[in-house]
Amino acid sequence: QEIVPEKIDYVFKVVVIGDSAVGKTQILSRFTKNEFCFDSKSTIGVEFQTRTVTTKSKVVKAQIWDTAGQERYRAVTSAYYRGALGAMVVYDITKRQSFDHVARWVEELRAHADNSIVIMLIGNKADLVDLRAVPTEDAVEFAEDQGLFFAETSALSGDNVDKAFFKLLEEIYGGIC
Ligand code: GDP
């Protein structure tokens with residue numbers, strides 16, 4: 001449990017996007033509350049959650065936005081992207097289609113978000129090793145090609161979730177300071 005510091009140096013807005021059911025909501029609750037809920041479905045209306053961390057000796061409040069299911073209707077609006085300094089584009093390593101759609105999500109970001117946005121590609125559900133449908137190398141290649149950072153995570157076990165967010169926040173900080 002972290003002590004909430006009195007002084008916040010920066011607030012960074014981060015958006016989480018990707019196909020439905022890839023684990024966006026669970027990644028967010030793992031990072032902000034260290035929780036994983038089986039069969040939870042995000043409540044429409046909850047727009048973002050926050051966690052305050054220290055990175056590079058600065059106190060950074062990460063304000064992380066969840067699509068709250070809007071992606072199912074392809075109705076993620078430009079308001080969602082407005083002011084975002086970072087993005088996590090999530091796919092499910094067991095669902096090839098969710099990886100094939102990543103290019104579209106990146107295009108959507110390039111169209112609606114700020115040019116300098118830091119993008120991290122996330123292959124989630126890395127705990128489901130026997131069901132893997134997306135080789136790590138495919139994602140590494142795509143990420144290199146598109147200039148994205150990349151990590152495989154498990155919101156279920158918590159593996160790499162903090163590490164991925166910290167990397168993203170550090171890169172955002174490095175870009176503005
Ligand atoms: P969203 O629609 O992208 O927000 O996806 P959810 O966060 O609602 O997750 C969709 C489903 O995948 C739920 O049944 C979760 O329990 C499950 N899930 C999410 N993350 C993981 C993970 O890392 N590992 C496994 N095994 N299941 C996960």
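Strands β2 (residues 48-55) and β3 (residues 58-66) run antiparallel and are joined by eight bridges. Strands here are DSSP runs of E with at least two residues, helices are H or I runs of at least four, and both are numbered from the N terminus. Two strands pair if DSSP finds at least two bridges between them. Phe48, for instance, has Trp65 in β3 as its bridge partner. In this hairpin two residues sit between the strands, and Lys56 takes a positive phi near 50 degrees.

Keep in mind that this is a predicted model: local features need pLDDT of at least 70, side-chain atom pairs count only at pLDDT 80 or more, and totals for chains, interfaces and linings use all residues. Residues are numbered from 1 along each chain as its sequence is written.

Now zoom out. The open sheet has six strands in the order β2-β3-β1-β4-β5-β6, with mixed pairing. β2 and β6 (149-152) stand at the edges with a single partner strand each, so one side of each has no neighbour in the sheet. Over at β6, strand β5 (residues 118-124) runs parallel to it, with four bridges, and Gly123 has Glu152 in β6 as its bridge partner.

| Helix | Strand | Angle |
|---|---|---|
| α1 | β3 | about 155 degrees |
| α5 (residues 136-146) | β6 | about 160 degrees |

What about the ligand? Helix α1 (residues 24-33) gives the most to the shell around the ligand, with three residues.

Key
Two residues are in contact if their C-beta atoms, placed from the backbone, lie within 7 Å. Axes are lines fitted to C-alpha atoms, for helices over the stretch in contact, and angles run from 0 to 180 degrees between N-to-C directions.
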